[in-house]
Amino acid sequence: MSILKSEAIVLYSQRQGETSKRLQLYSKEYGKLGVIVKGSQSIKARHWGSLETLSYIEAVFYYKSGRPLHYIKQASIIHAFPSLHSELGKWALAAIPLEIVNRTQEPEDSNSYLFDLLLKTLCTLEKNEKGLKNIIRAFELHMVSDAGFKPSLTRCDHCSNETEALYWHFLIKRGVLRCSQCGTLERESLKISTDARKALNWLMAVSIPDSPTVLLPGKLGKEIDHILYAFLEAHLESMNNLKSVRALEAMQKNLQQNQNSR
Ligand SMILES: [Zn+2]
């Protein structure tokens, strides 16, 4: 058994009995790890209480190779993200990158780029009040690009045409475009407007902290989300039917209905 130390983000936290918690961590050094926290003296009471989903912590843990769960020796909170906890809309959005990391990452497969990306995403959500969905979209595009599936959205894959048209075809499986003249016989292609193509290119290039600076109109945002999730599901099997995305959609539908009934 060895004693290891790493920064980590709590992907989820579950109580176990009266005095223990089970955490799923995404750690900078060791990737995804399941750990047990006992409410013992080594964890100060105030820290034990705040070892919740979303917390950014420094953890020292007893590690034994081949075990699915390890034991926390000490933990301290680096940042608890209070506004993500207190604002329902932000909480619902923050749940999406947490679920994506939990679903797509294998245990103990470290990726410090993805760790930093997740941390920047949560920090940017915490600090901003507008353009929040762009932060999640930029996270998703940066993450899928890092996984080796960066879409190519600058020119027609067949004739190299770059001139603007009303719409393009996006070949989801191949991650490339066809212009409207070349068309496509592939079943798994989606029509994509020129505005959506530009916005997706911008979101791929922008840094996470700058991603909320441009507000996209609602209709364009919906088009982008539709294309983006179809693309993510086609390339990362574990992305199918994300609970956090369904929960956000249900919340938005409820809000809309409440506003309409006023
Ligand atoms: Zn073409």
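Predicted model: local features only at pLDDT ≥ 70, side-chain atom pairs only at ≥ 80, totals over all residues.
Trainee: Is glutamate 249 buried or exposed?

Mentor: Let's start with its place, which is in helix 8, residues 243-260. Glutamate 249 has 12 C-beta neighbours inside 10 Å. A residue with 12 or fewer is classed as exposed, so glutamate 249 counts as exposed.

Trainee: How many Å apart in space are glutamate 249 and alanine 92, C-alpha to C-alpha?

Mentor: In sequence, 157 residues separate glutamate 249 from alanine 92. In space, C-alpha to C-alpha, the two are apart by 9.6 Å.

Trainee: Which residue in strand 2 is the bridge partner of alanine 8?

Mentor: Strand 2 covers residues 20-27, so look there for the partner. For alanine 8, the bridge partner is serine 27.

Trainee: Which residue in strand 7 stands opposite leucine 171?

Mentor: Strand 6 (residues 167-171) is mostly covered, with four of its five residues buried. Three bridges join strand 6 to strand 7 (residues 176-178), and the two run antiparallel. They form a hairpin with four residues between them, and glycine 175 in the turn has a positive phi of about 70 degrees. Opposite leucine 171 stands valine 176.

Trainee: And which residue in strand 8 is the bridge partner of tyrosine 167?

Mentor: Five bridges join strand 6 to strand 8 (residues 189-193), and these strands run antiparallel. The bridge partner of tyrosine 167 is serine 193.

Conventions. Residues numbered from 1 in each chain as written. Buried ≥ 20, exposed ≤ 12 C-beta atoms within 10 Å, placed from the backbone. Pairing = 2+ DSSP bridges.
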